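Please read them with the structure open.

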Amino acid sequence: MRILLVSYFFPPYNAIGAVRVSKTAKYLEAAGHEVRVLSASDQPLPASLPLSISPEYVCYANQFNINAPVDLILGGRRRIVVHGYSEAKGRSPLLAKLGHLYKTLLHIPDHQIGWYPDAVRQGTKVINAWMPDIILASATPYTSLLVAHSLASRFKLPWVAELRDLWTDNHYREFPEWRLRWERKLEKKILSSASGLVTVSEPLADILRQNYSCLTTVVYNGYDPEDYPAATTLTNQRLTIVYTGSLYEGKRDITPLFQALQTIPDVASKVHLKLFGYGHCHTVRMAEQYGLQGAVEDCGMVSYQESLQAQVDADMLLLVLVDDPRDKGVLTGKLFEYLGTGKPIICTGSHDGEAA
């Protein structure tokens, strides 16, 4: 088949969503399909993720940055690429409130909506030159689904919507009721036009099946054995625990691990917790409150390969889940990356969700 993949996230921009879509493209090609990708240029992410298909098959559409005023306040786009939005300029209560108001009014359905106009234009050019049999769009961001819906309607093509995270049924999208009502109507219009829906776990698929009549199936996240480097020959002097990804204050609770580490005499000489990614300032401050300064290190943002190297070299890997029934269906790409290393995984949070 000829398959047009529509995804805001795609290499070289380093995000976990880009990894999944990139590997989807790689393995669809390996199965004998022709694949083209429509993605976004100038993303506020490190450009450190290798492409898994030929660059000539990827079209990058320009985007109008609706967050330009926010970027300016937070120190500019370069600073955000390095530190992310959560740490770019502190987190005062006033800035947090203003930021939420800004998102409520302008991020409809998300802050990548500025990509939509040129994505439709560039997608139209791709289809005119190379008519696909089907369009597969991956969200988040949900703007990807709007782009695919528009292209599919214009060219009378079937399309499939992949929701790595649910849309209005995602309880992390905390907006006023008026905004949610409007967005539910938008979601219904967009997803009702799809020929099929894909998500990452059965609990999430069950929610979609309750709302939509089209075929809904589960495609788990995974890992690519070809990506994993060999472990370094150096032996860790301390028990090294590695966490990769973001930790958001009040959303993932790492305190059970800190409470356990606190019981170990002279813990800093025995345990080394290494945090890779955005959003770890709060976690480091919390570690200091537990007297774990020498045991916890914020390693910052690294490339995908460096992240895998850290995982392979670790003694244990840390998975932080949310102990909330609404998170039962969350199955992150991180868990599968961890499984690919064969290393022990220590987990905090829910005992009965899909990940557990």
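**Notes on the predicted model**

1. **Nonpolar surface patch.** Four residues, Leu101, Leu105, Leu106 and Trp178, make up a nonpolar patch on the surface, and together they have about 410 Å² of accessible area. The model is predicted. The most is given by helix α4 (residues 93-106), which supplies three residues. Leu101 lies in this helix, α4. Leu101 has 47% relative accessibility and so counts as partly exposed. The cut-off for exposed is over 50%.

2. **A tryptophan in α7.** Helix α7 (residues 177-192) holds Trp182. Trp182 is partly exposed, because its relative accessibility is 46%.

3. **The seven-stranded sheet.** Seven strands form an open sheet with parallel pairing, in the order β3-β2-β1-β4-β5-β6-β7. Which strands stand at the edges? They are β3 (58-61) and β7 (215-218); each has a single partner strand, so one side of each lacks a neighbour in the sheet. On average, neighbouring strands of this sheet are turned by 20 degrees against each other, direction ignored. Helix α1 (residues 16-30) packs on the sheet. This helix touches β1 (2-6), β2 (34-40), β4 (134-139), β5 (159-163) and β6. The direction of α1 makes about 165 degrees with that of β2.

4. **Strand β6 and its partners.** Strand β6 (residues 196-199) pairs with β7 in the parallel sense, over four bridges. Leu197 has Thr216 in β7 as its bridge partner. On the β5 side, four bridges join β5 to β6, and these strands also run parallel. There, Ala161 has Leu197 in β6 as its bridge partner.

5. **Cover on β6.** In a regular strand, side chains alternate between the two faces of the sheet. Are the residues of β6 buried or exposed? Gly196 and Val198 on one side are buried, and so are Leu197 and Thr199 on the other; both faces of β6 are covered.

6. **Helix α8.** Pro203, Leu204, Ala205 and Leu208 are buried in helix α8 (residues 202-211). An α-helix has 3.6 residues a turn, so residues three or four places apart point the same way. The cover over the buried residues of α8 includes β5, β6 and β7.

7. **The five-stranded sheet.** A further open sheet has five strands in the order β10-β9-β8-β11-β12, with parallel pairing. Its edge strands are β10 (296-300) and β12 (345-348), each pairing on one side only. Neighbouring strands here are turned by 25 degrees against each other on average, direction ignored. Strand β8 (residues 239-244) and strand β11 (residues 316-320) pair in the parallel sense over two bridges. Val242 stands opposite Leu317 in β11.

8. Strand β12 contains Thr348. Why does Thr348 count as buried? Its relative accessibility is 7%, and the cut-off for buried is under 20%. Neighbours within four places in sequence aside, Thr348 is in contact with Asp253, Pro256, Leu257, Leu318, Leu319, Val320 and Leu321.

9. **Salt bridges across the chain.** The count comes to 12 salt bridges. Glu34 forms one with Arg2, and their closest N and O atoms are 3.6 Å apart. This pair links distant parts of the chain, with Glu34 in strand β2 and Arg2 in strand β1, 32 residues apart. Glu34 is partly exposed, at a relative accessible area of 34%. Arg2 is also partly exposed, at 30% relative accessibility. Arg20 and Glu162 meet in another salt bridge (2.9 Å, N to O). Arg20 is in helix α1 and Glu162 in strand β5, so this pair ties together parts 142 residues apart in sequence. Arg20 and Glu162 are both buried.

10. The side chains of Asp324 and Arg326 meet in a salt bridge (2.9 Å, N to O). Asp324 is buried, with 18% relative accessible area, whereas Arg326 counts as exposed at 55% relative accessibility. Elsewhere, a network of salt bridges links Lys23, Lys26, Asp224, Glu226 and Asp227.

Technical notes
Residues are numbered from 1 along each chain as its sequence is written. This is a predicted model: local features need pLDDT of at least 70, side-chain atom pairs count only at pLDDT 80 or more; totals for chains, interfaces and linings use all residues. Side-chain values use heavy atoms; hydrogens and water are left out. Patches are made of residues with over 30% relative accessible area and no salt bridge: like charges are joined within 9 Å, nonpolar side chains (Val, Leu, Ile, Met, Phe, Trp, Tyr) within 5 Å. Accessible areas come from the Shrake-Rupley method with a 1.4 Å probe; for residues, only the protein chains shown count as cover. Buried means under 20% relative accessible area, exposed over 50%, partly exposed in between (1.4 Å probe, protein chains only). Two strands pair if DSSP finds at least two bridges between them. Axes are lines fitted to C-alpha atoms, for helices over the stretch in contact, and angles run from 0 to 180 degrees between N-to-C directions. Contact means heavy atoms within 4.5 Å.
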